[in-house]
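Subject: Structure handover

Hi,

Here is the structure for you to look over. My notes on it follow.

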Amino acid sequence: MKKAALICMLMVLLAVPSHAAKDPLKRGLQLYKKHRYEDALHLLYTYLPSADSGRQAKTYLSLGMICLDNANLYQDLYHAAIVINLDYFTRLLSVKGPSKSHWVNFYLGQTLLEAGELSEAVAFFKKFLADENVQPQDKDLAKIGLATAYFLQDEHDKAHDLWSTVKQNKPELLTSLAAAYSRVGLTEKKPLAMCKSALDRLQRAGHTPSIQLITNLICVYAREGRVDEGFEMIKQADLKAFFHEEIPTKNKVIRFYDSALLGNLSLFYAKAALKFLEKAHASNDKNVNGLAQYYLGEGYGLFGHPDQSMRMMKAFISANNHPLRLKNKAKVRQAFNHYLLGDEAAAKDQLSDLLQADSEPNLIAEMLLSCIQYKFDAPQVVIQASAMAQRGQGKPLSRINFALGKYYLWKKNYRKAVSYMEAGRDKSNKNRVEFNDPLMLVNLAEANYRSKHFSESLEIFFEMSKQFPAVRQIQVALQGVYSMEQKSAGDVKIF
Amino acid sequence: MKRLASVLTIFFGVFVMLLPQAGALTKDDGNPNGGALNYGEYGRPATLDPITSNDMIALRISELIFNGLVGIDEKQEIVADLAERWDISENGRMYTFYLRKDVTWHAKEGEDPMPFTADDVIFTYNIMMHPETITPLKVRYEFIDAVTKIDDYTVEFTLKRPILNALAKFSFKIIPKHGPQNSEFLAREDPFVQNPIGTGPYLLKNITAEREIILVANENYFKGRPHIDKVIARPFADQNIMGQALMFNAIDMIVLVNHRDIPQLQGDKRFVLQPYNALSYSFFGFNTRNPTLADKRVRKAFTYALNRKEMLDSFFQGQGTIISGPYAPGSWAYNLDVQPLPYDPGKAVELLNEAGFVKGADGIMEKNGKKLSLTIKVPIAKESEAVKRVILAFRNYLSKIGVEINAEFQEWLAWKEDIFLHHDFDLMFASWVFDDSADISSLFHSAEIGPWKNNFGAFTNAEVDGLIVESKLTLDHEKRRTINRRLHEIIADENPYTFLWTLTNYAAFNKKLRRVAIHPYKFFSFADDWFIPESEQR
């Protein structure tokens, strides 16, 4: 389906004469086609100010499309990170005695907060705060987390009381507080101004931002729609940095990473996508405008605005000049917009009509992926997808195999999940994002992890980290679980 | 009447043949027995026993012939094997194994099968640890203090100290007391190493003149007779020919698919391509007994001189990952912060100059009048087209910085003797494969220098020795992980090897083989459950 959209996009671009090798827009789209989203975004975002008015709209559209995919990717990375980090921290917690970790309680609290397990998060934050071995100045971070959990449990007074005790003398603390306010919607606390003040302080001291600070800023910038500041921050950041290093005894170093970074990146790219697409949609170029309409429909739907999505998709479907494949995909989105707006029957009818009218594998795959996203059980879609997947392996059926793999991952049938996604994988280039949809790779890595095929999972993340360095937030925890779970004798052989 | 008698005799004969053999155990999974599995190997093993062998080909064979006290199932959990249960003392130092009483050794022709007992376990341990037994296993089992026979079916191991993952280490394969000729130690001259007897699902029938290893189903296998009647390991010196053999149905399975064949196999509906993540990597090893190569600067210069990415892309279609140190990237021990040295021939020349080498009139580096000319030894079993190209490229890259390299391709066994026994080499090309434990102690600890030991390049570093010992002593997973990260860092800097890449591993097999699960390291661990539908047996 992405291929169809890319073809449309390239056609739009070809309407303007240019030198392919030198044209940043075309190079950006080529990078996008190879799933090198970060490289593509960097190139196009840098190019944007110098683009003439004719190409600016196309650049906005390209940026919007890429941000949309990047947001989806980081969303799945975020989910995988929560699962794996929780497993790792839980195992760390079982170590008792003088070499035990004290910070593990804090990071368990943080991860549980991200996972929405609020009462459990509260318990671990409290344990961290009660730990006499933790320095008082380190406890402020936990207070912010604990207060956030209280707030999300509707204990607002308790939350405000606790937040008010946090010392705001360090940029990390100030931005953590700003991110917490932003997250729970307390815009009157002026989180953006707090971030600015923290950055000024940092600059005066001549320090570079820590990963904690960067994560907080991305959170605030995303929620405030500050795309330019966010891009600038991400460009400069080392996203594979660890959040905290603890050395309980000699030769024992524990490095903590936080899945919140991946969640914030997802949110940021989602917001950026909508912003870029809105600009592209305002263009006078009919082709750009049409494609932007479709992607805005997707974006609004994905990021919680089904009513806006419905308006966009309605307009897109009713126009005459769009390819049928994209129109059908828009109809899938419409079906789920109905569902999200409470009309399940309309959603089912629309999906049923589509199933009867079009048996194109990629469309069925999109239906199934949407079902998974919204936890919408549609047995007919699964049956039809399974029948299609029987036709074999390879590229043409890659998307349907991915969708089925993701479906079985959701259903916790990990063996089937791995088997389907394996069938969808380009075996000649098994882990490379240039040849495999990184979204599929993340899900395959998670299915492998849950099947205890740890090294398979690590290899996928290792390759992905070359393009998406924030994947480090998962890798180290995965290595930790693997080291504790592996049961091998210690053998090595010459090959 | 005579005719009727003949018919009855034939009928009775056929009836008897159809009956399971006396004492034969069948699996109750409902899958049929019969058929043969021909699989392609990329060489032939030097020995077939689990103690003296140190290559993957022999490991795969011994997985079919032998059992350990414990095994590992498909979910990576430790399960009972020759021991039906065990107790571990509270202090973690005493492991008591209660052995199965229904296990017999493969019987030699005309002999009754002999029972497996505690004596065999003690014999295996003693022979493995005997100073004159040449085995890479010794270093793994130095943590055992004593083994005691409690009775015929109970053995007790006393550990010097509790260690991490001790139970998994009791998966070492047990050999029979009545097997080797020499009951004290196991030498490579002992007939047992070529004609082993085990308890496993398959027994060795014979080795043909073409060096095919023929295994047949053990009718008395204690877990039930394996489904497939016969397993034949066929050696192929050239991986390209192995791929063709599969495609023309001459063999049914390839344990490691040549990367060039992957696209074709992926598109062929007759075959299944199954990834299995063996933790492996390829490297150029340096013999530090050579004074020139004892200099770290020279070793590093060689690494800087190679464009590994170009080699990987050109010769392996980019199907792998450049590595920076002694672990595979899929391992928990890989230090993600250590980056591979970049391709930088200028830096390589600079390092050689620092080490006292200057370019002579013929363009070759020399020091004190002696040219920098070295020999690389490569096993012929590795002489696939891609490996040949790697060696040629290696020579070319090094010639660009003024180093002369002579490549010597050797027959597999001769190569192993030169590298592991005589240490007669300057440079060598090979690959290591690890199980999940990422134990590099036998590769880089100075106590592992000696005949048939894995530290063939005589690498010595006091900090590495200390860290390896500390990692073995600790009971803390995170501490061991920290130590491994540090080991990665030091070894990457010391450069005892030029670490190259880890390649993706695929097995390929004909779809007639069913219920195929592959152990990522030992490969055939679950092969007794594999089967071929009757309609496809030939």
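Contact here means heavy atoms within 4.5 Å. By that rule, the contact between the chains takes 71 residues from chain B and 45 residues from chain A.

Some ground rules. This is a predicted model, in which local features need pLDDT of at least 70 and side-chain atom pairs count only at pLDDT 80 or more, while totals for chains, interfaces and linings use all residues. Residues are numbered from 1 along each chain as its sequence is written, chains are lettered from A and ligands numbered from 1 in the order in which they are written, and side-chain values use heavy atoms, with hydrogens and water left out.

The interface

Chain B and chain A bury about 5400 Å² between them. Carbon and sulfur atoms carry 49% of that area. Buried area is the accessible area (1.4 Å probe) that two parts lose on being put together, summed over both.

Six salt bridges cross the interface of chain B and chain A. The rule asks for a side-chain nitrogen of Lys or Arg within 4 Å of a carboxyl oxygen of Asp or Glu. E77(B) and K487(A) form a salt bridge, at 3.5 Å from N to O.

Salt bridges overall

Over all chains, the structure holds 66 salt bridges. One of them joins E366(A) and R399(A), at 2.8 Å from N to O. This pair links distant parts of the chain, 33 residues apart. E366(A) sits in helix α18 (residues 361-373) of chain A, and R399(A) in helix α20 (residues 398-410) of chain A.

Helices (H or I, at least four residues) are DSSP runs, numbered from the N terminus. Axes are lines fitted to C-alpha atoms over the stretch in contact, and angles run from 0 to 180 degrees between N-to-C directions.

Helix α4 (residues 53-93) of chain A packs on helix α22 (residues 438-450) of chain A at about 15°, with axes 9 Å apart. That makes α4(A) roughly parallel to α22(A), a term for angles under 35 degrees. Their crossing is left-handed: the near helix is turned anticlockwise from the far one by less than a right angle. Contact residues include L73(A), L77(A) and I84(A) of α4(A), and L439(A), V442(A) and Y449(A) of α22(A). By class, the contact of α4(A) with α22(A) has nine nonpolar, two polar and four charged residues. Ala, Val, Leu, Ile, Met, Phe, Trp, Tyr, Cys and Pro count as nonpolar, Asp, Glu, Lys and Arg as charged, and the others, Gly among them, as polar.

Helix α11 (residues 211-224) and helix α13 (residues 260-281), both of chain A, pack at about 30°, with axes 8 Å apart. They are therefore roughly parallel. α11(A) passes α13(A) in a left-handed crossing. Among the contact residues are I218(A) and C219(A) of α11(A), and L265(A) and F268(A) of α13(A).

Best wishes

Methods: Helix = DSSP H or I, 4+ residues; strand = E, 2+ residues; numbered from the N terminus. Parallel < 35°, antiparallel > 145°, perpendicular 65-115°, else oblique.
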